[in-house]
Amino acid sequence: MTAVRFDVRSARRAGAAAFWALLLRDLRVVTKERGRFLIRTVSQPLLLVFVFTYVLPSIGRDFGGFDGEGSFTDILVPGVLAIAILIKGIQAVALPLVQEFGYTREIEDRVMSPLPVWAVATEKIVAGAGQGLLAAAIVAPIVALVPAEPLQIQISWPALVAVLVLAPILSSALGLVLGTYVEPDNVPMMFSVVILPVTFLGATYFPWSELGDIRWLQIAILANPLVYIAEGFRFALTPQFPHMPPAAILAAMLAFTAGTSWLGIRGFRRRVLS
């Protein structure tokens with residue numbers, strides 16, 4: 001009986017050590033490529049914030065805010081944070097899978113670790129979520145300092161913590177889905193065909209509640225997970241302005257996180273075992 005307990009504990013320790021080693025390996029890749037990581041993370045949010053919240057207001061061109069209250073900056077900033085997390089989470093998981101399932105077959109080394117296949121897939125989600133969270137930390141000072149007009153921020157800390165936990169996991173799980181169900185040769189094209197519509201119709205440039213006059217679109221984009229990330233940041237940072245009901249945001253983010261995680265792990269197992 002004692003020997004059995006020892007073996008179980010040893011297997012658990014070995015699995016935990018392997019999981020941690022894989023995480024450290026992915027972190028090491030990020031630190032070695034920190035220049036590229038920084039450029040990919042900062043370029044799009046910086047351009048969006050600089051043009052829409054600095055250049056246009058400075059020359060007297062502003063899109064306006066919420067029925068005369070606030071400004072377009074208050075609308076855009078939560079959306080920019082949402083885009084940064086989503087794009088980085090997808091990039092961090094989907095793009096490396098192209099190589100690992102491709103000619104290098106690096107994935108074979110990973111699945112030979114003392115971990116079940118689902119745990120290797122989970123490690124990818126955790127590693128991608130960490131990069132998404134890091135992207136948010138890098139972009140946050142940009143969206144706070146660049147705008148020409150002051151932000152009307154009223155932080156709801158419980159909501160912000162919830163979004164910062166769920167949004168990176170959801171984004172990296174979505175990256176796992178795309179990386180395992182899309183053929184490797186089509187992954188680069190995926191960013192034009194899938195990611196571009198998702199970002200433009202993800203309630204990043206407008207609050208979801210303001211689409212009441214285009215009811216069909218307001219309903220259709222409920223299938224877009226970025227809507228709930230953007231609305232979550234909108235509620236967490238600017239709760240005084242229109243936003244989706246908090247209960248709906250939380251329920252949708254939990255559902256999308258669970259659904260994409262299950263689907264991504266299932267797709268990863270299928271690709272590895274096929």
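User: Why is Tyr 228 called buried?

Analyst: Tyr 228 has a relative accessible area of 7%, and buried means under 20%, exposed over 50% and partly exposed in between, with a 1.4 Å probe and protein chains only, so Tyr 228 is buried. This is a predicted model, in which local features need pLDDT of at least 70 and side-chain atom pairs count only at pLDDT 80 or more, while totals for chains, interfaces and linings use all residues. Residues are numbered from 1 along each chain as its sequence is written, and side-chain values use heavy atoms, leaving out hydrogens and water.

User: What makes Phe 256 partly exposed?

Analyst: The relative accessible area of Phe 256 is 23%, which lies between the limits for buried and exposed, so Phe 256 counts as partly exposed.

User: Why is Lys 124 counted as buried?

Analyst: Its relative accessibility is 6%, which is under the limit of 20%, so Lys 124 is buried. Not counting residues up to four places away in sequence, Lys 124 touches residues including Glu 100, Arg 110 and Phe 268, where contact means heavy atoms within 4.5 Å.

User: How many aromatic pairs does the structure hold, and why is the pair of Phe 50 and Tyr 54 called stacked?

Analyst: There are four aromatic pairs. Phe 50 and Tyr 54 have ring centres 5.4 Å apart and planes at 20°; rings of Phe, Tyr and Trp (its six-membered ring) pair if their centres lie within 6.5 Å, and planes under 30 degrees apart count as stacked, over 60 as edge-to-face and the rest as tilted, so this pair is stacked.
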